[in-house]
Amino acid sequence: RRRVLEASQQLTEIITNEASAESSEPGRAAEPAEEEEEEEESALHCLWVDKFTPRRYMELLSDDYTNRCLLKWLKLWDMVVFGKEKAVKKAKPSTEARHPFSQPKEQQNKWKTKVQLTEEILEAELDQHKRPKYKVALLCGPPGLGKTTLAHVIAKHAGYNAVEMNASDDRSPEVFKTRIEAATQMQSVLGANEKPNCLIIDEIDGAPAASINVLLNIIHRKDAEGEAAGGMGRRRRREGGLLLRPIICICNDQ
């Protein structure tokens, strides 16, 4: 212990002498700028998963079918969120001339890709408020697959402000409900870039059953209230409780 203390004292003296010698040199005025550059370089030295994370849709390396389906589902909210009418694709006349006889539906779908079939199913399932039938998308897979990155990139690509919450942190159903309603019903934080929110709930498999029931009530309550709404006051209340923002849930264990 004594030898360690002596060696530590000697090192302290050497460092002190070198620091005092450098401070007495005439070029010490350039040291603050060098220290700022070192701080900037240290700030750039972050984890590779953060430094090289995808920022745009074309940079995603995950499954293309999953990426397209999630983006297609998120674009189905454009009418409700942004007020955009969906562009109608014009049918090619060549297909009618090529197939003059009516064919069974199974035979027509035989030549369509998996992505095209999924897109047709998603487009066909719209409710009376022009929202997709499935209000929540669920991304499942092992850790490190890129589920959270995919959700953030897709939300940004579709014009949303991604709001992330962890279902495992908010164990109370009341807090869980408050955070969901704040993200899906209230306006986004005021700033230079005001965008509608897209709620991303991570680790949904760690949420208790009461919180899952709260999420289900938020999704399904408006349909029952909409049928029973009679007056203008009830209609306004129903519109206020309507889920008008997409929700993406993420879990490891489906």
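Is tyrosine 160 buried or exposed in this chain? At 3% relative accessibility, tyrosine 160 counts as buried, where buried means under 20% relative accessible area, exposed means over 50%, and partly exposed covers what lies in between, with a 1.4 Å probe and protein chains only.

Before going further, a word on the basis. This is a predicted model, in which local features need pLDDT of at least 70 and side-chain atom pairs count only at pLDDT 80 or more, while totals for chains, interfaces and linings use all residues. Residues are numbered from 1 along each chain as its sequence is written, and side-chain values use heavy atoms, with hydrogens and water left out.

As for the overall picture, the chain has 12 helices and 4 strands, taken as DSSP runs numbered from the N terminus, with helices being H or I of at least four residues and strands E of at least two. Of its 254 residues, 27% count as buried. If we take contacts between residues at least 6 apart in sequence, 78% of them join residues at least 24 apart, contact meaning heavy atoms within 4.5 Å. The accessible surface comes to about 18,100 Å², and 54% of it belongs to carbon and sulfur atoms; this area comes from the Shrake-Rupley method with a 1.4 Å probe.

Let me turn to the aromatic rings. The structure holds 3 aromatic pairs, a pair being rings of Phe, Tyr or Trp (its six-membered ring) with centres within 6.5 Å, called stacked if the planes are under 30 degrees apart, edge-to-face if over 60, and tilted otherwise. In one of them, the rings of tryptophan 48 and phenylalanine 52 have centres 5.7 Å apart and planes at 75°, so this pair is edge-to-face. Tryptophan 48 is exposed at 67% relative accessible area, and phenylalanine 52 is exposed at 55%.

Another pair brings us back to tyrosine 160, whose ring centre lies 5.3 Å from that of phenylalanine 82, with the planes at 65°, so this pair is edge-to-face. Because phenylalanine 82 lies in the loop between α5 (78–81) and α6 (93–98), and tyrosine 160 in the loop between α9 (147–157) and β2 (161–166), the pair ties together parts that are 78 residues apart in sequence. Phenylalanine 82, at 29% relative accessibility, counts as partly exposed.

Finally, which residues does aspartate 78 contact, leaving aside its neighbours within four places in sequence? They are Gly83, Lys84 and Tyr160. Aspartate 78 sits in helix α5 and is buried, with a relative accessible area of 8%. Its side chain is joined to that of lysine 75 by a polar contact of 3.0 Å, that is, a pair of N or O atoms within 3.5 Å, where within protein one must be able to donate a hydrogen and the other to accept it, and residues adjacent in sequence count only if both atoms are side-chain atoms.
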